[in-house]
Amino acid sequence: MRLGYFVKGLPGHPLHPPLTDATIGIYTAATVFGVLSAIGLSERNTATAWWLTLVIGLIVTVPTALAGLIDWLGIEWGSPLWRTATAHMLSMVTATVFFLLAAIFGHGGYVDHAVGSGSLILTLIGFGMLTLGGWLGGSVVYVHGMRVLNLIHELARRAAAPMPTPEKKVAERTRA
Ligand code: HEM
């Protein structure tokens, strides 16, 4: 068992993608609560949920971004994959900054149980950047194929195992 597996995840089961699911889901919920509050649907409750969900999203972003950063550091500098992954990183960092600003400037709204228009706009911009970043993350994985083993003929029990054919062996097989 290599030490790197604890920070990067296992071959075929990288750590970053499942964390991104949680992060994107939480920020999406925050955005929905913000919009619901702004249109007056259970305004006080949804304003509280909006702010709390934003803060939870910001906390979950820390391990998510760190796992992504560790994978990003292993990419060949300046390669097309690196460019796409770097654009992904910049979009996600921008999204995080907007969500952070929404939480900071929206704290008064949380106390008063109302989402201000400025905080809502910051949340919506954050969500737009999150969507762009998610799209680019998809390009990194599904177009460039980063961390994808693509073992179409791997036995089902091996595919579900914690350790299917390690990435290094897959690379050797592809070169052969
Ligand atoms: C809010 C923070 C972030 C979110 C929500 C996020 C989201 C995503 C998503 C959705 C994917 C595609 C995964 C899939 O669909 O299977 C992805 C892949 C990736 N992201 Fe992020 N990302 C975040 C931050 C970062 C950061 C800061 C970096 C680099 C410094 C980064 C680097 C990567 C890399 C290298 C991949 C390729 C797959 C992998 O390494 O597991 N991400 N990300």
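**Salt bridges, ligand site and fold**

1. The side chains of Glu154 and Arg158 form a salt bridge, with 3.3 Å from N to O. By salt bridge I mean a side-chain nitrogen of Lys or Arg within 4 Å of a carboxyl oxygen of Asp or Glu. Glu154 is buried, at 17% relative accessibility, whereas Arg158 is partly exposed at 34%. Here buried stands for under 20% relative accessible area, exposed for over 50%, and partly exposed for what lies in between, using a 1.4 Å probe and protein chains only.

2. A word on the basis before going further. This is a predicted model, in which local features need pLDDT of at least 70 and side-chain atom pairs count only at pLDDT 80 or more, while totals for chains, interfaces and linings use all residues. Residues are numbered from 1 along each chain as its sequence is written, and side-chain values use heavy atoms, with hydrogens and water left out.

3. How many salt bridges does a search of the whole structure find? There are two. Besides the Glu154 and Arg158 pair, Asp71 and Arg147 meet through their side chains, again with 3.3 Å from N to O. Asp71 belongs to helix H3 (residues 43-73) and Arg147 to the loop between helix H6 (117-143) and helix H7 (156-160), so this pair ties together parts that are 76 residues apart in sequence. Helices here are DSSP runs of H or I with at least four residues, strands are runs of E with at least two, and both are numbered from the N terminus.

4. Asp71 is buried at 12% relative accessibility, and Arg147 is buried at 16%. Arg147 also has a positive phi of about 65°, although it is not a glycine. Ser42 is another non-glycine residue with a positive phi, of about 45°. Ser42 lies in the loop between H2 and H3 and is partly exposed, with 42% relative accessibility.

5. Now to the ligand. The ligand sits in the largest pocket. A pocket is found on a 1 Å grid over the protein atoms alone, as an open set of points where a 1.4 Å probe fits, with protein on both sides within 12 Å along at least five of seven lines. A molecule sits in a pocket if more than half of its atoms lie within 2 Å of its grid points. The elements giving two or more residues to the shell around the ligand are H2, H3, helix H4 (80-105) and H6. H3 gives the most, with seven residues.

6. Which residues are closest to the ligand? They are His16, Thr20, Asp71, His88 and Met89, out of 22 that surround it; a residue counts as near if one of its heavy atoms lies within 4 Å. A polar side-chain atom of Asp71 is 2.4 Å from an oxygen atom of the ligand, so please inspect this pair under the polar-contact definition, a pair of N or O atoms within 3.5 Å. Within protein, one atom must be able to donate a hydrogen and the other to accept it, and residues adjacent in sequence count only if both atoms are side-chain atoms. For Tyr142, a polar side-chain atom lies 3.3 Å from an oxygen atom of the ligand.

7. His16 is in helix H2 (residues 16-38) and is buried, with a relative accessible area of 17%. An N or O atom in the side chain of His16 is 2.8 Å from a nitrogen atom of the ligand. A polar atom of the His16 side chain also lies 3.2 Å from the backbone nitrogen of Gly68. Not counting residues up to four places away in sequence, His16 touches Thr64, Ala67, Gly68, Asp71 and His88, where contact means heavy atoms within 4.5 Å.

8. Ala95, in helix H4, is buried at 1% relative accessibility. Leaving aside neighbours within four places in sequence, Ala95 is in contact with Gly126, Met129 and Leu130.

9. Finally, the overall picture. The chain has eight helices and two strands, running α-β-β-α-α-α-α-α-α-α from the N terminus. Of its 176 residues, 37% are buried. Among contacts between residues at least 6 apart in sequence, 72% join residues at least 24 apart. Along the principal axes, the C-alpha atoms fill a box of roughly 65 × 35 × 25 Å.

Key
On a 1 Å grid over the protein atoms alone, a cavity is a set of points where a 1.4 Å probe fits but cannot get out, and a pocket is an open set with protein on both sides within 12 Å along at least five of seven lines; lining residues have an atom within 4 Å of a point.
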